[in-house]
Amino acid sequence: MTDPNTAAAGTVTTEGATYVTAAEHQQVAPGKPRSLWSDAWRDLRRRPLFIIASAVIILLVIIAIFPSWFTSVDPKHKDLDFSRVPPSGDAWFGYDLQGRDVYARVVYGTRWTLLVGVAASVLTVLIGAFFGILAGYFGGWVDGLISRIGEIFFGLPFVLGAIVILSQVRNAQVGGAFPIVSAVVSSIAVLSWPVAMRIMRSAAVAAKQQDYVKAARALGARPARIIFRHLLPNCLAPVLVYGTIALGAFIGVEATMSFLGIGLHDPAVSWGVMISDARNYVRVAPHMLLFPAGFLTLTVLVFVMLGDAVREALDPKLR
Amino acid sequence: MGRYVLRRLLQLVPVFIGTTFLIFVLVWAVPGDPFTGLCGDRPCPPQFVAAMTEKYNLNDNVIVQYLKYMGALLTGDFGQTYSEQPVGELIALAAPVSLRLAVVAVAIEAIIGVTAGILTGLRGRGFLDNLVLVSTLFLIALPTFVTGFVIQIVLGFQWEILTPTVSSEARWSELIIPGFVLGSLSMAYVSRLTRTSIAENKRADYMRTALAKGQPKHRIVGVHLLRNSAIPVITFLGTDIGNLMGGAIVTEGIFGIHGVGKLVYDGIIDKQGTIVVGVVVLLVIVFLVVNLLIDLMYAVLDPRIRYD
Amino acid sequence: MRRRRLLSAAAIPLALSLAVTSCSGGGDGDEQGAGDSNKTKSAVLTVFGSEPELPLVPGDTNESGGSKIIDALFTGLMYFDAASGQAKEANAESFELTAPDEYTVKLKKGWKFHDGTDVKADNYIKAWNYTAYGPNSQQMASFFQQIEGFDDVYTADPDGPEGPQTPPTPKSTEMSGLTKVDDYEFKIKFSSPYTLFKIKTGYGAYMPMPDSFFADPEAWKKNPVGNGPFKYVGRVPEQNLELERWDDYQGPDKAKIKGVKYTFTDADAAYADVKGNQLDFMDTVPPQGIAGNVWESDLPGRAKAFRVMAIQQISFPLYNPKYASVDFRHAISMAIDREQVTKTIFEGNRKPIDGYALEGVPGYEPGACGKWCEHNPAEAKKLFDKSGWTGPIEITSNADNGHREWVEAVCGQIEEALDTECNFVPVQAFGQIRQAINAHQMTQIYRSGWVMDYPDIENFLNPIFRTGGSSNDNGYSNPEVDAKLKEADEASNPDEAHRLYHEAEEMIAEDMPAVPLWETPSISAWSERLTNVRLTPARELDLSFVEIK
C-alpha cells in the first residue's frame with residue numbers, strides 16, 4: 001500500500017515536471033511571435049493520435065476524390081451469378097446481394113459519406129458561428145432573439161426532427177444525387193446550429209470583455225471590423241473543435257438516417273445506404289454489412305480523435 | 001431563487017410555442033396528401049377526404065389550425081388518430097416504457113461511465129487510461145443502430161443467447177440490453193467527462209490542503225474530489241434522461257419496445273400527424289422542465305452559484 | 001359459361017382481393033393430426049396483424065389490418081371455403097337468380113348478432129344503403145355501383161377531391177334496387193345483369209350491421225358487434241386487439257379455439273417472436289427470414305410456403321408515347337432471366353410464369369408467352385436497338401417487402417443485356433404510385449400484379465387487358481384481342497372458351513403490355529403448439545380449422 005501522501009504528491013510533481021520539460025523543449029524561432037495557433041500546431045505535431053488520425057483522413061479524402069485509383073471495378077455492375085459470394089482473392093470484400101463488388105462500393109461510397117459529413121459540419125458551423133458572434137457581441141435584444149430562436153430548434157429532439165423533415169422530403173420524391181445530399185445536409189444543419197451558436201456566443205461574450213476589444217471601440221472601430229478582425233480569430237478555437245467532432249457525429253447521423261430508410265439513396269450510395277441494404281442478410285452474408293460498418297466506425301473514430309487532439313492542443317488549461 | 005424560477009418559466013413559454021409550432025408546420029403544412037395509406041392501395045373517395053379534412057381542420061390556414069390544436073391541448077385533449085383513438089391514451093401507455101428504458105440506460109451509463117472515469121482520472125496517464133480513452137472513442141464512433149442491430153442479430157437470432165425482442169410489458173430485466181445499447185454513446189461521454197473533471201479538480205488547492213492535513217485517501221477522494229467533480233456529470237446525466245426519451249427511436253425500433261420513440265416513428269411513417277405533434281409536445285415539455293430542474297439543482301450542489 | 005360484364009371501377013383492389021387457393025388448397029398445409037381438443041378449447045392464439053387504420057366498420061375498411069379482423073367478426077351471405085376454394089352459402093339459405101338482372105336472397109333463420117339480436121333482411125339492406133350513401137363517406141361505397149338506384153344515393157364530386165366544391169347531396173338515402181320481401185328475404189336488382197355479385201358477397205363490404213350500429217354508430221365503433229365466429233373483447237391501441245369465440249355462432253366455420261389476439265408489431269420483431277414461440281402465427285415471413293432460407297432451419301416443421309393464386313408483373317404505361325414500341329417491350333421481357341432472379345433473390349421460393357396466369361387456374365395452359373418470355377439477351381439487344389429507345393430505363397415500386405431487391409436485380413439484368421442504364425426508383429408507399437396510375441400519369445415502368453378473384457383464366461384477362469376493363473390501368477387496347485375475348489365469353493362450352501382465352505393470351509403476349517414474371521406464394525410461420533394450420537383464400541390463418549397440439 002503506497003503512502004497516499006507521496007503518491008498524490010508524486011502525481012502532482014510528475015505532472016509539473018512534464019510541463020516544465022515541455023516548455024523548455026519548445027524551440028522558439030528568434031523574433032517569431034508565439035500565438036495560440038502556432039503553439040497548438042507544435043503540440044499537435046507531436047501527438048501520435050493526431051498524426052494517425054490526420055493520415056487516415058487524408059487517405060479517405062483521396063479515396064473520395066479519386067476512387068478510380070483504388071479500384072478498377074465498376075461499383076454499379078450487377079451480376080446475379082456472384083450474389084452474396086464471400087470475400088476471396090478476386091474480391092477482397094466479397095459481393096453483395098446483387099452481385100456488386102463490395103470493395104468497389106465502399107470505395108465509391110467514401111465520397112458521399114464524407115461529403116455529407118463535411119458539408120453538414122461546415123454549414124452548421126457557418127450558421128452557428130454567424131449568429132453566435134452577433135448574439136455575443138451585440139447582446140441585448142439581438143442576443144435575446146437569437147438565443148430564443150436557438151432554444152426553439154434546440155428543444156426539438158434531433159432524431160425526431162430529422163425523421164420528420166426527411167420523410168417529407170422522401171415523399172416529395174427528390175431525385176438525383178446532389179438534391180438528395182443537399183436535403184440531408186440541410187436538415188442536419190438546421191437542427192444542429194444552436195449548439196455551434198451557443199459555443200460561439202459564450203466565446204464572444206468572454207472575448208468582448210478583453211482589453212483589446214475595448215481599445216478598438218475607444219478608437220472608434222466599426223462593429224464589423226471589431227467582429228471580423230478581433231473577435232473572430234480568437235473565438236474560432238472552440239467552434240473549430242466542435243466542428244471537427246461534429247463531423248464525425250454527422251457521418252454517424254447520416255448512416256442512421258439511411259438505415260431508417262430516409263437518408264441517402266441511389267445514386268448517392270453512402271456506407272449508411274450499404275448497411276441499410278445489407279440488414280436482412282446479416283445472418284447469411286455478414287460481409288455485406290461488416291465492411292461498410294467497419295469503415296464507417298473507423299471514419300467517425302478518426303474525426304473524433306482529431307477533434308480530441310485539437311481540443312487538447314488548443315485548451316489553455318491543459319498547458 | 002424564486003424570481004429566477006419565475007423568469008425561467010416565463011422564458012419557457014415562447015420556446016414551447018416556437019418549438020411546437022415548428023413541428024406542427026412541418027407535419028401538417030407541407031404539401032402532399034395526408035391521407036395516403038388510409039384507404040389501402042386505392043385513393044380515398046372524395047366524401048371521405050372531405051369529412052376527414054373537416055375533422056382535422058385542414059382547410060384552415062396553418063396558424064388557425066395550430067391555435068385550435070393548442071386550445072384543445074390546454075384542456076388535455078391531444079386529439080385523435082385517424083382510427084379515432086385518443087392520442088393522449090396512446091402516449092400515456094408508451095411514455096412509462098420509454099421512461100423505464102431511459103432510466104435503465106442512464107443507470108448503466110452512470111455506473112460504468114463514472115467508475116471508468118474515476119479510475120482513469122485518478123491514475124493519470126497509463127495503460128488503463130489509454131484503454132478507456134480508446135474504447136470510449138470507439139463507442140462514440142460506433143453508431144447506435146449498428147451496435148443494437150448486430151447484438152440483436154448475433155446474440156438473439158444466431159446464437160440464441162438472448163431473446164431478440166422485448167415483450168409488451170417491457171420488464172426491467174428485458175430492458176438491460178437495449179438500455180446498454182442506448183446508453184453506450186452517452187457512457188463514453190460520461191466517462192470522459194468524469195475523467196476530465198476529476199483530473200482538473202485533482203490539482204485544486206483544497207485537495208492539496210486536505211492532503212497536507214493528513215486526511216485518508218478514501219476521504220479525500222470520496223468526500224472532496226467526487227462531490228466537486230460530480231456537478232458536470234450529474235448535469236449531463238440529468239439532461240440525458242430527457243434526451244434519451246426522445247432519442248431512443250432507433251433502439252426502440254430494433255428491439256420492438258412500445259415506447260414513445262416507436263410510437264412517433266410509426267406515426268411519421270403512417271402519416272398520423274396528431275401522434276407526431278402530440279409526442280413532440282410531450283418531449284419538449286420534458287426537455288424544458290428537466291433543463292430547469294438541472295439548473296436549479298446546480299445551485300444546490302455548488303454553493304458558489306447563486307441565482308438572483 | 002358465365003357472361004362477363006365489364007366491371008366499372010368497383011373491381012377488387014389488390015389489397016383486398018380474395019385469393020382462391022387451387023383445388024389442392026384442401027391438403028395444402030393441413031398439418032397432420034387433429035390437436036388436443038381440451039387445450040384447443042381454452043387456447044387464445046396470438047396472430048400477427050397490423051393496426052386497423054380506421055374504426056372497424058366493414059363498409060369503411062379497405063386495408064389488410066382491418067379486413068383480417070372484420071373477417072373474424074362478421075359473416076355475410078356467402079363465404080369462401082378454405083378447403084375447396086369455392087364460394088358457398090353462409091348466412092344465405094338460398095341465393096337464386098330470379099331474373100337476368102335480379103337475385104332473390106333468403107336468409108337462414110336463427111342467426112344472431114353478438115348482442116343477441118336477430119340477423120334479418122333489414123340488417124343487410126340498411127347496412128348496404130348506409131355504405132353506399134355518399135355523405136356517410138364510406139370507402140366501399142363503389143362496391144354497390146351495379147345495384148339499381150346507386151346513382152341516387154351517391155353523387156360524384158364535380159371537381160375531384162382537390163377542388164373546393166363538395167358533392168351535391170344525393171336524392172335518396174336508399175337504393176331502389178334493394179327491396180325487402182319479408183323479414184328474412186330480400187331482392188337485389190341491378191341496373192344491368194351482374195351475376196358476379198353473388199360470389200362477391202363474401203367480401204367485407206357486404207356484411208350485415210346490427211340495429212345498435214344505426215342507433216348509435218359512435219358507441220358501436222368503441223365496441224364493435226358483428227355476427228361472425230368471433231366477438232370483440234377489447235384492444236390496447238398500437239399493441240393488440242382481442243377477439244373471443246362466440247358459442248352461439250350458426251355458421252359453417254365455427255371456431256374451436258377460445259380466442260385470438262392480433263398483435264401489432266414490427267415484422268422483424270414478430271418473426272423473432274414466432275421463433276421463440278411468443279407469437280402463434282404470422283402469414284408472411286419478412287425478408288430477413290427468407291434470406292438464405294433461414295426460415296427453414298429456424299422453424300423446422302412450422303413454416304411453409306403456401307401457394308397463393310397471385311402473380312407479379314411489371315407494366316408499361318402505354319398512354320405514354322415513350323413506351324409505344326413493341327420491340328422495346330419485348331426486349332425488356334427477353335432481357336430478364338426469371339430463373340436467376342427467383343433462385344438468387346427469392347431462394348427458389350417463386351416460380352417463373354410464361355403466361356398471364358398461373359398453373360392451377362382452370363383454363364390455364366402454359367406457354368402463351370412463348371419466346372417472348374424466354375431469357376435471350378442477344379435477341380433482346382437486337383430488338384432494343386431496333387426500337388430506338390434513348391435515355392435510362394426506370395422501374396418504380398415501393399421499396400419495402402423485398403421489392404427493392406428484385407427490381408434492382410431485374411434492372412441489373414436489363415443493363416447487362418441491353419447495355420443501357422436502368423434505375424430502380426423507390427417510393428415510400430405504393431399508394432403514391434397508385435394515384436399516378438389511376439390518373440394515367442405514370443412515366444416509369446411500374447410493379448403490378450394480379451390476385452385471382454374467382455377460379456377461371458377469364459379473370460386474369462378481361463379485367464386487365466380488355467379495352468376499358470375495370471383494372472386496365474395502362475390503357476392497353478387491341479380490337480382484335482377484344483374480339484377474341486368476346487368470342488371466348490360467348491363460347492358454347494367451357495373447354496371451347498378456355499381454348500379461345502388461351503389464343504387471346506398469346507395475342508396479348510405479342511403486344512406485351514405487361515411483362516409476366518412469377519407467382520407470389522406466401523411463406524407463413526407458426527409456433528410449436530399449433531397444428532392444422534392452413535390459409536383461407538384471403539391469405540389469413542383459417543381460425544376455424546386450427547388446433548392446439
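Among contacts in chain B between residues at least 6 apart in sequence, 75% join residues at least 24 apart; a contact requires C-beta atoms, placed from the backbone, within 7 Å. The model is predicted: local features need pLDDT of at least 70, side-chain atom pairs count only at pLDDT 80 or more, and totals for chains, interfaces and linings use all residues. Residues are numbered from 1 along each chain as its sequence is written, while chains are lettered from A and ligands numbered from 1 in the order in which they are written.

Chain B has 12 helices and zero strands. Helices (H or I, at least four residues) and strands (E, at least two) are DSSP runs, numbered from the N terminus. Of the 308 residues in chain B, 45% are buried, with 20 or more other C-beta atoms within 10 Å of their own C-beta atom. The C-alpha atoms of chain B fill a box of roughly 85 × 60 × 30 Å along the principal axes.

Helix α4(B), residues 87–123, and helix α11(B), residues 260–269, have axes that come within 7 Å and cross at roughly 135°. Axes are lines fitted to C-alpha atoms, for helices over the stretch in contact, and angles run from 0 to 180 degrees between N-to-C directions. The two helices, α4(B) and α11(B), are therefore oblique to each other; this class is what remains after roughly parallel (under 35 degrees), roughly antiparallel (over 145) and roughly perpendicular (65 to 115). From α4(B), L90(B), I91(B), A94(B), A95(B) and S98(B) make the contact with V260(B), G261(B) and L263(B) of α11(B).

Key: Two residues are in contact if their C-beta atoms, placed from the backbone, lie within 7 Å. A residue is buried if 20 or more other C-beta atoms lie within 10 Å of its own, exposed if 12 or fewer, and partly exposed in between; C-beta atoms are placed from the backbone.
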